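Reader: I would like a close look at one part of this structure, taken slowly. Please start from a single residue and then move on to the helices.

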Amino acid sequence: MKKCIVIPDSFKGTLSSEEVCRIVSDKIREIEPGCEVVAIPVADGGEGTVDCFLYAADAKKIEVETQGPYGEAVAAYYARMGDTAVIEMAQAAGLPQVEGRENPALTSTYGVGLILRHAVEHGCKKLVIGLGGSCTNDAACGLAAAVGTKFFDRMGQNFIPAGGNLKNVEKIDVSETRKLLNGYQVIAMCDIDHPMHGTGGAAYIFAPQKGADEAAVKELDDNLKALDAAIKRELGKEVAEIPGAGAAGAMGAGIVAFLDGELQPGIRTVLELVHFDEALEGADLVITGEGKIDGQSLHGKVVVGVAERAARKGVPVVAVVGSVGEEAEKAYDMGVTAIFSINRQAVDFSVSRYQSRENLAATAEALIRFQKAFHR
């Protein structure tokens, strides 16, 4: 084997994508010392997205001071590649930041907007925002306010909406935001296709994990419906049913509505920014992976996104995963050549998670030894 690309997602709860890259790459170099290894740790918009670009794309780390979900001062950073900025919304509005005080009716994405504004004011023309891991349900109203959008209630008072008072939005003025972002491209990376509201939307699907009980979920959803009506009335935009509109507390919908942004599958954006198609030239094998592969993995996730690109070049793709769930076999029709679970014993995840490094290394060794023998 002359060239192998290692391009995994993280194994959530056990191994970061960088750790997976390192373990697999070390085994390849040990068993196939003459092989060129291209390691590209990736994420699809959630926590760790910026770090992946810092590792894989020789990006510059830009540190900023911003606000957290409740307005507290927090330190954050984004990745810069030329005039492209990659921002991770979870750094200013992430669920871990509100542990023990979760309340999606009150939390805000305003700090995410401050990071975005910093990138704009320092010359970035392409703004990529990773959506995932949010503690908010404000449909990006906080973010929009930080970049100039004004929201008014029935009394004509300007306010910054949060999940609990979106219904109070009567008028929306995006003129300052349009001026600030004129000539800029805003892309939101998301790996879900949920709508803005309804039983399959942002509040019903994701708000419970953010601290909302049954009554709060219904109120949050009703508020999103009211905001949707205001967006239609004030901006003339239909955003609720766009795939991904419900991502990150309906931030997907807000980015389209207020920032004229576009939503893309996270892995598609990542593969373009790290020039994956070019890396495939001359490759004999691609090794990808994630914590669990199942039917959900077929919808905009890393493994299938990588496999679809590699299939166009005729490069085989092996998925090394933590576990294999229902409908995983459908990945074979989408470019995946083979799937291997790293679990070597029939034990519960609560036990196997502490053996992930050893199990991954052993699986990678077996895979590379077989590949070497097969191509001898």
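Is D221 buried or exposed?

Author: A word on the source first: this is a predicted model. D221 is buried, because its relative accessible area is 2%, and buried means under 20%. The residue sits in helix α8, which covers residues 214-235. Setting aside residues up to four places away in sequence, D221 touches H197, G198, A203 and Y204.

A residue in a loop gives another case. A105 lies between α3 and α4, the latter being residues 110-121. Its relative accessibility is 24%, so A105 counts as partly exposed. Apart from neighbours within four places in sequence, A105 is in contact with A162, G163, G164 and L220. A105 and Y70 are 35 residues apart along the chain, and 11 Å separates their C-alpha atoms.

Burial can also be followed along a helix. In α2, which runs over residues 49-56, the residues T49, V50, C52 and F53 are buried. These residues lie on the same side of α2, because the arc they cover around the axis is only 160 degrees. The buried residues of α2 pack against several elements: the helices α1, α3 (90-93) and α10 (266-273), and the strands β4 (73-81), β5 (84-88) and β10 (185-190). After α2 comes D58, which has a positive phi, near 55 degrees.

Two packed helices are described by the angle between their axes and the distance between the axes. For α1 (residues 17-31) and α14 (residues 356-374), the angle is about 40 degrees and the axes are 9 Å apart. The two helices are therefore oblique to each other, since angles under 35 degrees would count as roughly parallel and those from 65 to 115 as roughly perpendicular. The crossing of α1 and α14 is right-handed.

Which residues make this contact between α1 and α14? From α1 come E19, V20, I23, V24, K27, I28 and I31. From α14 come R357, L360, A361, A364, E365, I368, R369 and K372. Sorted by class, the contact holds nine nonpolar and six charged residues, and no polar ones.

Key. Residues numbered from 1 in each chain as written. Predicted model: local features only at pLDDT ≥ 70, side-chain atom pairs only at ≥ 80, totals over all residues. Heavy atoms only, no water. Axes fitted to C-alpha atoms, helices over the stretch in contact; angles between N-to-C directions. Helix = DSSP H or I, 4+ residues; strand = E, 2+ residues; numbered from the N terminus. Parallel < 35°, antiparallel > 145°, perpendicular 65-115°, else oblique. Left-handed = near helix turned anticlockwise from the far one by under 90°. Contact = heavy atoms within 4.5 Å. Nonpolar A, V, L, I, M, F, W, Y, C, P; charged D, E, K, R; others polar. Buried < 20%, exposed > 50% of the residue type's maximum accessible area, 1.4 Å probe, protein only. Arc of directions from axis to C-beta.
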